[in-house]
Amino acid sequence: TSLPLPRPQRLRFSIGPEIGPEVERAKRHLDSLAADVDVHCFSHEGFGPGAGPRPEALVQVALQVAFYRAHGSLCATCEPTSLRGVLPGCTDLLRPPGPPCLALAQALDDPHAQPELQMALLREAVEAQNSRTQEVLAGQGPERHLQGLRQAAIAAGEPLPEIFLDPTYAQATHFRLCILQVRSREGCWLLRGPLVPDGYGVGVGHVCPPDPQDPPGHSGGLRVAVTAFTCCHDTEAAHLGAAIRGVFDSLGGLLRCHGPP
C-alpha cells in the first residue's frame, strides 16, 4: 500500500542581475531546441506470449529492421543499460547484432523468402541480441572499456590510441538510433531525443498486465514514441514510426504462426 506524502513545498529562487540574463538566454535556447523536435507516438498490441521471456530483445531487433526499411541500411544503434549487477550506479551501451539483423531485414522484404526461413533468421537475431545483452550486463561490453582507455590516456597526458582517430570509429559511434525500453503495469510514454542531428530517439514502453498468472514476458501492448529533429531533411519521426508499426505487424504474424523465437 502507498503511504500519503506531504504536499511538496514550492521553492523560490532569488536571481540577481548577474545571472538573470543567462537564465533568460538558456530558456530561449531550450525553447528553440524543443521547437525543433518532431514527435510521433502510437500504441501497438505487441507480440503477446510469442515474444518469449525477453521481449526487449525482440523489439531491439525489430527496430533495426524498421530503420533498414526506412533508410535502406542499418545504422549505429545504442540502448543505455544499467550495470547495477556488477557496477551499481553505472551504465553501458547495448548494441544490436548487425549481420543477423541485416539478414532478417532482407528476408522480410523478399517476396520469395519462405516464412520458415524468416522465422529461423528471427530466432538467430534474437538469440544474438540476448547473448550480447548478457555480455553487457556482466560488465563485458566494449563501450565503457574503450571510454576508460580514452580517459586514461587523457589523464596521463598521452596521445589518444589510434583506434579513436580512425574514421570507422567515428562512424561506429555516430548513433543514429538511440533506444529506451521500460516495463510498467500502467503503461508509459518514453520520450528520448536524438543523439545526433540526423538521428532518431525511440522510446518503447512495455505494458505489463497486473495479473500474476500471466506467463513471464507476457505483454499487454507497446507504447512507442519516435523523435527526430525537424531541421534534418533526412529524418522524419512519422516515417520511421510507420516502418516500426509495419515491422511489428510482420513479426507478430510470424510469431503467431510459428511460436516464440
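Which residues does His206 touch, not counting residues up to four places away in sequence? They are Pro55, Glu56, Val59, Gln181, Val182, Arg183, Ser184, Gly221 and Leu222, where contact means heavy atoms within 4.5 Å. This is a predicted model, in which local features need pLDDT of at least 70 and side-chain atom pairs count only at pLDDT 80 or more, while totals for chains, interfaces and linings use all residues. Residues are numbered from 1 along each chain as its sequence is written, and side-chain values use heavy atoms, with hydrogens and water left out.

**His206**
- His206 lies in strand S5 (residues 200–207), strands being DSSP runs of E with at least two residues, and helices runs of H or I with at least four, numbered from the N terminus.
- With a relative accessible area of 1%, His206 is buried, a term for under 20%, with exposed meaning over 50% and partly exposed in between (1.4 Å probe, protein chains only).

**Nonpolar cores**
- A nonpolar core is a set of buried Ala, Val, Leu, Ile, Met, Phe, Trp, Tyr and Cys residues joined through side-chain atoms within 4.5 Å.
- The largest one has 44 residues, and those with the most contacts inside it include Phe47, Leu240 and Leu251.
- Among the elements that each supply at least two residues of this core are strand S4 (177–184), S5 and helix H7 (237–258), whereas H2 gives the most, with eleven residues.
- A second, separate core of five residues includes Ala76, Cys78, Phe175 and Cys178.

**Ala155**
- Ala155 is found in helix H5 (residues 142–155) and, at 72% relative accessibility, counts as exposed.
- From C-alpha to C-alpha, Ala155 and Gly203 are 35 Å apart in space and 48 residues apart in sequence.
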